[in-house]
Amino acid sequence: MSRAGDESPQSGYNAHRMKRASHWLERSRNAEAEEEKFLFLWIAYGAAYGGEARDTDEERPAETSRITNFLREIIERDEGQKLEAVLFVKHTEGIRTLLDSRYTFKPFWQWARGEPEGADWRRRFEADNERAAKALENRDTLAVLIRILRRLHELRGQILHGGLTTAERRVRTLLGDATRIMADFVAVVLEIMKAEFDANPASEAWGRAARPHVGDNGHERA
């Protein structure tokens, strides 16, 4: 990934980030089970993003800002508008299916658990879907990505924490759409990042990974 003679720490961060993300993308392509494909794709996205999801109330706003900035940098470099093709041409129906499902909406599950935060989940669900519909109509790539990734993150959590069985029909439908959307989304993201790093190995467009390769910054390799 790095050019000959480019030994800057940032070029190392970028090279290892791409190596990790590409590895998990390939794992997803070779997986047989739908849930494995989806989870490997989510890991690939996480490796590309290079951050960690924060769950505490204090950290969530900062993490949301980081994700937004990451996506904005990706979109700005998407000269071929490939993300638009993924969202507004190829996967429009799948996206609407995910957005229309209450099972991908976190406040619904808060209501199901009897938590006060979910008391008005239906109003919030309808309002969020209205905003999503407007974003889809206006082809607002960033707004659509933020919302669909939020829904996909909820589905990811259900799988990882045993909150569903993939034998359920509704789950298989959601998981199938989610996997197809993630496969194309992640592939485009990595293509855009690779082009950036090929042109500028030391690019700081996406900063450092949360867990840099041991050996970067002069640390001894494990």
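The expected span of a helix is taken as 1.5 Å times one less than its number of residues. In this predicted model, helix α1, which comprises residues 9–30 and therefore 22 residues, reaches 32 Å from its first C-alpha to its last, close to the 32 Å expected at 1.5 Å a residue. The buried residues of α1 are Q10, S11, G12, Y13, N14, H16, R17, M18, A21, L25 and S28.

The largest nonpolar core of the model contains 49 residues, and those with the most contacts inside it are F38, F70, M182 and F185. At least two residues of this core are supplied by each of α1, α2 (34–49), α3 (60–76), α4 (82–90), α5 (92–100), α7 (121–137), α8 (141–160) and α9 (169–199), with α9 giving the most, at 13 residues. When neighbours within four places in sequence are left aside, F38 is in contact with L152, L155, R156, I159, L175, A178, T179 and M182.

The loop between α5 and α6 (106–112) contains T104. Because buried residues are those under 20% relative accessible area, T104, at 1% relative accessibility, counts as buried. The side chain of T104 reaches the backbone oxygen of L98 at 2.7 Å, and, apart from neighbours within four places in sequence, the residues in contact with T104 are L98, R151, E154 and L174.

Terms used: Residues are numbered from 1 along each chain as its sequence is written. This is a predicted model: local features need pLDDT of at least 70, side-chain atom pairs count only at pLDDT 80 or more; totals for chains, interfaces and linings use all residues. Side-chain values use heavy atoms; hydrogens and water are left out. Helices (H or I, at least four residues) and strands (E, at least two) are DSSP runs, numbered from the N terminus. Buried means under 20% relative accessible area, exposed over 50%, partly exposed in between (1.4 Å probe, protein chains only). A nonpolar core is a set of buried Ala, Val, Leu, Ile, Met, Phe, Trp, Tyr and Cys residues joined through side-chain atoms within 4.5 Å. Contact means heavy atoms within 4.5 Å. A polar contact is a pair of N or O atoms within 3.5 Å; within protein, one must be able to donate a hydrogen and the other to accept it, and residues adjacent in sequence count only if both atoms are side-chain atoms.
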